[in-house]
Amino acid sequence: MRKAYGASSRGLKTYRFVRWVDRGEGVVHRETKVIRVKGSRRPPRRDPGPRPLPKAQRPSKPLVPQPFGVYRGAFGRLEATRLLNRAGFGPSPGQAEKLARMGMKRAVLSLTRPRGKAKLIGPAPVDSDGLPLAPADSWGHDHLWWLDRMVRTDQPFGERMAFIFHDWFATSNEGVSQQQQMLDQYATIRSHATGSFDRLLLSLTKDPAMLQWLSGGDSTRFSPNENYAREMMELFSLGADRGAYTEDDIREAARALTGWTYDWDDDQGTINFRFDPELHDTDSKKIFGKRGNWNWTDACRLCYEHPLHASFFVAKLWSCFIPTAPSPSTKAALMKKYLSGGRQIRPVVEAILMHPDFYRGAAMVKPPVVFAAGLMRSLKLTIKTEDWTWLSTSAGQQLFYPPNVSGWDDERWLDTSTTRARWLMVTTALQDRHFDAWDDQKPYPKDEPTRDALNRALATFGWPALRAEHQQELVSLSDRVAGRITDDWQQGPYRALRQNALLQLIAVSPDMQLS
Amino acid sequence: MNQHNCCNNYTRSKLLQGAAAQAGQGLPAIEPGMPLPAGTGLTRRRMLAGAAGLALSVYGASKLPISIFDVGIAEAAQSNRVIVSIFLDGGADALSILAPTGHPRYFDLRPNLAINPAGATPFSEDTSLSWHPAAAGLRTLHSEGKVTVLPAVGYDDPNQSHFTSRHFWEVGALDTGGSTGWMGRYLDLTGSDVNPLQGLSLDGSLSPAMATASKPVAAVEGVTGYDLWSWVDDPVTEELYRSFKRFGSFKSDSDALNQARRAIGSTNSVRESLEGFSEFTAPVAYPDSDLARQLSGLGALLGAGLPLHCVSVSADGGYDTHSDQKDDLARNLQTTCDSILAFQRDLESRGLQDRVLVEMWSEFGRRPEENGSAGTDHGAAGTAFIIGSMAEGRMVGEFPGLTQLDEDDNVRHTSDFRSMYCSLLEQWLGQEAGPIIPGAAKLARPKLVRT
């Protein structure tokens, strides 16, 4: 079947052609298809160009949450792209096609169970002066450093899970004395993010950044501080107002958690984090109705062994990937999977990534960092400017600086400030990809037709799927610009500007904001 | 090591940034089990109000074309009275702001954090209390009879979660499920269909207390330097923006897609019209702080005769002082009180002082007994202040003392925040509280406003 255009076989001619396919979800995407026709028939157009489809915005039925199960529908580029957008940071050119060929299950497992150590592909990032990043020392370089890992890693799932738990156990450098402590926390999260939740919670409870952020290192038997105990229950493991714990449980757990301490050094800041038995409250405590001489590991254990922990965990994890709630049967099955696996995270994520709701359900808005990383991945860019830090901050998300301990609000990413920041991210990304309309040495083609202009722009981003009306609008823009050409000197330059406009619009389009 | 003191729930207003999910289609949870901030789920549109020279986010009233609001603002009658809610985010330590230095137990409970009575001015209405030196701005206004103090305001069965307690205050009810704010319900009942400035959040995102069910309300953000720079030049730029605008205009039934499209449409509107609103000059000197900038801007808006009615803003800094309370609290309190004093002077110099009343509140007070980190943990009753030339200027509810604390060893309340709302509605806004505050009939009506 994979014959060159026009090759003959038993009286049939084989043609490869590109077509625009509407999968019925309002998304048009480009597929290459090989067909064979009789020689006498007129071959299809080799490349129809971007073709708008009229029904692209048909109302979709509200999603009925599916019972627990495995998605069995079509797994093409669209589905693979969603998988890469939500379980990673979007496709690099060709990656979605590659994944689509694997089939859904293998595609998921290829992401969640990568072989070997993660590698960073391509040139290392540099700051605006061309110097290596100093993530532990320079403000904003911590953000660039992690963003770069999201862009260049060959194991995006691991980074995405670390990103999810950075948001879950949201710790901000605002309350931590050294950036290095945040980087260390990142390393801790990264190493446990697909493993055991128990170990994740235990290791973060004694993590120096966390001990500062939520006062765990200031809590002693002489005066226990409730801050960490409260958030461990409310935000990390059990959830508020579910009847999981009382104010007394918080107070008693705060006593159990006492003993961690650190020193202050005028040069280095906080140092020497340690458990000091002298500061630990060794009296009996009653947590969740259980009495004992509990210590900090007991306090954690009582939380993750709490009968209401698993339901909290799976619902929160689900919401990181799917915007609508799971059906009761799905939730129950996920809880069972979680508990029977000894509270391992990865099997639950895999079940979510294979669930029908993941592929059939509604779109989500990409977090700003995912948008930025995805943009760079699609253009094969590496970081060459510190602008990415303030751009991301303006877009509402600076890594290592979540707004508070409950993390970022994923429901509310887009407004006029943050959308403008995303626009400027695109402008920044196109720094080396746009055309200079007035460069006589490299004139833009004077005769580029409308269709080719759009195809060229789409190809630059690896053929992202655009909704039909957006694509139609881009065709319209191309025609409108062509219509403005009245003098011969405008032929090339206006077309170059048109290409720049198309690149900008594709990347800022609603489609590119969604996963 | 800045802000190491707090448990960092306090910047929750950040959670509300950005557009929201579609109205009536289910409310997104910030965290499982956490009460949703009122206003979650309201549609949000951005506009530039030409009449106001402001970039606005407009919430609610999604069926109306955005342009109608510009007309609405231009034609709206200037509101006679304005209420400004100033939120001390994080649970401000009432026992430092008005320190019970005349109560011996205070010094037992606060061996390190007690305010030194030697350097503090006694509170004239109850000399067992002393003003924090950093609250000098508030003290000055109180001495002029322009501050009504509620020294122990709270509610029964106090909740010590920032999120939950703040939510109660925002919705004006002890209801974790409430989805409209108390000022929002007031506007729903009495407000305009076309003037989003009637409920204005100055933090750039909708204040939950302002969340309405049907009437439009707005948030303002910085309005300078808004451009959409690209590699496109004229004349193609015009076509670029035209297409961008159209991206924002298509209809869809997908929440996320709508959110993206609305944001794009509004972003372009702001770009189109954002010119003209340049620097204004305040008639009085303000301190250098975010709150001061917001309040001086508010002064300018009111001075320009814009139809504002309910306004909301957060004070500088965080008040969640779990550790190292002394310096942080003093700094934040100083900035906040100085800003409020400047705002009052601004209003007075503009002749607007009888039209504006400030309500300053926090989600709870802090525990009387200090913790070992030179900080205080979450408590129960706190303070609230009604500030302005029309404030009654007489304390509401006495300070309950420190000998009889509640079962969690926290200060008992002697006034209910819902009573405060009832009085503000009836005495200031001229609206019967019954339809707005649940259980209003059984709530007291302390005198907060001069008649």
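The following legends describe close-up views of a predicted model.

Residues are numbered from 1 along each chain as its sequence is written, chains are lettered from A, and ligands are numbered from 1, in the order in which they are written. Because the model is predicted, local features need pLDDT of at least 70 and side-chain atom pairs count only at pLDDT 80 or more, whereas totals for chains, interfaces and linings use all residues.

**View 1. Overall make-up of chain A.**
Chain A holds 22 helices and 7 strands; these are DSSP runs numbered from the N terminus, with helices being H or I of at least four residues and strands being E of at least two. Of the 515 residues in chain A, 54% are buried. A residue is buried if 20 or more other C-beta atoms lie within 10 Å of its own, exposed if 12 or fewer, and partly exposed in between, with C-beta atoms placed from the backbone. Among contacts in chain A between residues at least 6 apart in sequence, 75% join residues at least 24 apart; two residues are in contact if their C-beta atoms, placed from the backbone, lie within 7 Å.

**View 2. Packing of helix 5 and helix 6 of chain A.**
Two packed helices are described by the angle between their axes and the distance between the axes. Helix 5 (residues 156-168) of chain A packs on helix 6 (residues 179-192) of chain A at an angle of about 120°, and their axes are 8 Å apart. Axes are lines fitted to C-alpha atoms, for helices over the stretch in contact, and angles run from 0 to 180 degrees between N-to-C directions. Helix 5 and helix 6 of chain A are therefore oblique to each other; angles under 35 degrees count as roughly parallel, over 145 as roughly antiparallel, 65 to 115 as roughly perpendicular and the rest as oblique. The crossing of these two helices is right-handed, that is, the near helix is turned clockwise from the far one by less than a right angle. Helix 5 of chain A contributes A:G158, A:A162, A:F165 and A:H166 to the contact, and helix 6 of chain A contributes A:Y186, A:I189 and A:R190. By class, this contact has 4 nonpolar, 2 polar and 1 charged residues; Ala, Val, Leu, Ile, Met, Phe, Trp, Tyr, Cys and Pro count as nonpolar, Asp, Glu, Lys and Arg as charged, and the others, Gly among them, as polar.

The buried residues are A:I345, A:V348, A:V349, A:E350, A:A351, A:I352 and A:L353. Their cover includes helix 1 (77-87), helix 3 (104-112), helix 7 (197-205), helix 12 (309-319), helix 13 (328-340) and helix 15 (356-360) of chain A.

Helix 4 (residues 136-143) of chain B and helix 10 (residues 325-350) of chain B pack at about 40°, with axes 6 Å apart, which makes helix 4 of chain B oblique to helix 10 of chain B. The contact involves B:A136, B:G137, B:L138, B:T140 and B:L141 of helix 4 and B:C337, B:D338, B:I340, B:L341 and B:Q344 of helix 10. These residues divide into 6 nonpolar, 3 polar and 1 charged. B:G137 is buried, with 23 other C-beta atoms within 10 Å. Not counting residues up to four places away in sequence, B:G137 touches B:C337, B:D338, B:I340 and B:L341.

**View 3. Strand 10 of chain B and its partners.**
Strand 10 (residues 356-362) of chain B is mostly covered, with 7 of its 7 residues buried. On one side lie B:V356, B:V358, B:M360 and B:S362, and on the other B:L357, B:E359 and B:W361. Strand 10 of chain B pairs with strand 3 (residues 82-88) of chain B in the parallel sense over 7 bridges, and with strand 11 (residues 382-387) of chain B in the antiparallel sense over 3 bridges; two strands pair if DSSP finds at least two bridges between them. B:M360 is the bridge partner of B:I86, and B:I386 is that of B:E359.

**View 4. Backbone geometry in three loops.**
Most residues other than glycine have a negative phi, and most peptide bonds are trans. A:F400, in the loop between helix 17 (387-394) and helix 18 (416-429) of chain A, has a positive phi of about 75°. The peptide bond from B:D234 to B:P235 is cis, with omega near 5°.
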